[in-house]
Amino acid sequence: MKYYIIAGEASGDLHGSNLIKELKKQDSDATIRCWGGDLMQQAGGSLAKHYKELAFMGFIEVITNISTIFKNISFCKEDISTFKPDVIVFIDYSGFNLRIAKWAKNAGFSTRYYIAPQIWASREGRIEKIKNTIDEMYVTLPFEKEFYEKKHNFPVNFVGHPLIDAIANRKEVDSIDFKNKNNLDQEKPIIALLPGSRKQEVAKMLEVMLSVTEKFKDYQFVIAGAPSLDQEFYQPFLKKSNISLIANQTYSILQIAHAALVTSGTATLETALFKVPQVVCYKGNWISYQIAKRIITLKYISLVNLIMDKEVVKELIQDDLTTKNLSAELEKILNPKNRKIVLENYEELEQKLGGEGASETTASLIISSLNT
């Protein structure tokens with residue numbers, strides 16, 4: 001069968017690559033064309049567009065790049081029409097994907113959604129668009145099944161979270177060897193900095209994250225460089241001796257990190273699954289933040305706290321994200337007593353997410369639904 005998969009971010013590229021591997025394993029005749037990144041291409045997908053060309057963050061940033069976005073939408077429709085897939089699989093990236101889904105459904109294509117739109121966070125009214133355009137959906141957060149089925153009478157499949165698979169399949173890292181190869185101090189514990197993957201958010205986050213380094217001279221700070229950004233972009237942030245950059249090795253860094261400062265998003269959940277105490281950070285464009293604050297009605301912004309329905313990790317948002325507050329919260333998670341509590345909560349979190357097999361289950365459901 002022919003599969004067209006659309007992912008628009010680094011996390012979607014990771015999960016899309018694992019889905020491609022499973023589709024090819026279960027369907028020997030699978031032909032896959034995709035929007036994604038290097039990982040999806042390496043897994044066997046023919047890349048139509050790289051996510052590096054798609055990453056716009058915030059309301060203002062989207063508006064200023066609106067012509068590029070519409071060009072991408074037109075190209076996507078033309079490419080799908082040319083490829084003529086048996087099914088289109090959308091991965092996260094709801095702003096773009098729901099637009100394509102509406103067109104695809106009207107054009108007679110079969111549609112599936114993996115890693116569902118987070119309408120429980122904002123714009124819940126999009127449920128009608130989902131009902132009208134998506135044939136089958138595979139959700140990855142435990143509370144989403146109840147949200148879609150009980151609240152909106154839309155059947156979905158809970159498949160577990162693909163991060164469980166991604167982390168379970170990681171390559172084990174030897175701490176001494178890793179530090180040697182990357183010129184890191186063997187003695188100082190690592191505080192990982194995960195500032196995001198888009199230029200505007202990385203610049204904002206790193207400025208405040210690195211403002212605490214002087215106070216924690218017994219630690220070394222390692223920036224997890226995003227695959228979407230060139231190393232030259234990070235050079236202005238590497239002026240102090242206890243700051244290093246390691247690109248495209250986030251999981252390896254998290255395996256040996258003692259604590260982390262993390263920009264809100266999927267990375268908060270990844271950090272928790274690696275059992276690294278963290279402080280969650282977010283500061284966006286002022287106008288974008290004011291708009292978002294009026295649309296999003298959640299108590300928390302991190303997936304860790306949302307899944308646990310309580311504050312497991314501290315969230316410093318917008319004006320609260322200051323050097324003083326960040327230093328204080330980092331001090332707390334370096335304290336053994338506080339760390340123990342956080343790690344106990346992480347264990348409970350992992351249980352809630354279910355076991356391994358999200359990619360395998362999703363591929364199986366997609367193939368069986370097409371065969372029937």
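Start with a side-chain pair: Asp27 makes a polar contact with Tyr3, side chain to side chain, at 2.7 Å. A polar contact here is a pair of N or O atoms within 3.5 Å; within protein, one must be able to donate a hydrogen and the other to accept it, and residues adjacent in sequence count only if both atoms are side-chain atoms.

Ground rules, quickly. This is a predicted model: local features need pLDDT of at least 70, side-chain atom pairs count only at pLDDT 80 or more, and totals for chains, interfaces and linings use all residues. Numbering runs from 1 along each chain as its sequence is written, and side-chain values use heavy atoms, with hydrogens and water left out.

Back to Asp27. A polar atom of its side chain lies 3.0 Å from the backbone nitrogen of Asp29. Where does Asp27 sit? In the loop between H1 and strand S2 (31–36). Helices (H or I, at least four residues) and strands (E, at least two) are DSSP runs, numbered from the N terminus. Asp27 counts as buried, at 11% relative accessibility. Buried means under 20% relative accessible area, exposed over 50%, partly exposed in between, with a 1.4 Å probe and protein chains only. Beyond residues up to four places away in sequence, Asp27 touches Met1, Tyr3 and Ile367. Contact means heavy atoms within 4.5 Å.

Next, Glu22, in helix H1 (residues 10–26). Buried or exposed? Glu22 is buried, with a relative accessible area of 14%. Leaving aside neighbours within four places in sequence, its contacts are Ser359, Glu360 and Ala363.

Now helix H7 (residues 142–151). Its buried residues are Glu144, Phe147 and Tyr148. Seen down the axis of H7, they fall within an arc of 85°, so they line one face of the helix. That arc is taken over the directions from the helix axis to the C-beta atoms. What do the buried residues of H7 pack against? Helix H6 (127–133) and strand S6 (136–139). Just after H7, Asn153 takes a positive phi of about 55°.

That's the tour. Happy to go back to any of these residues on screen.
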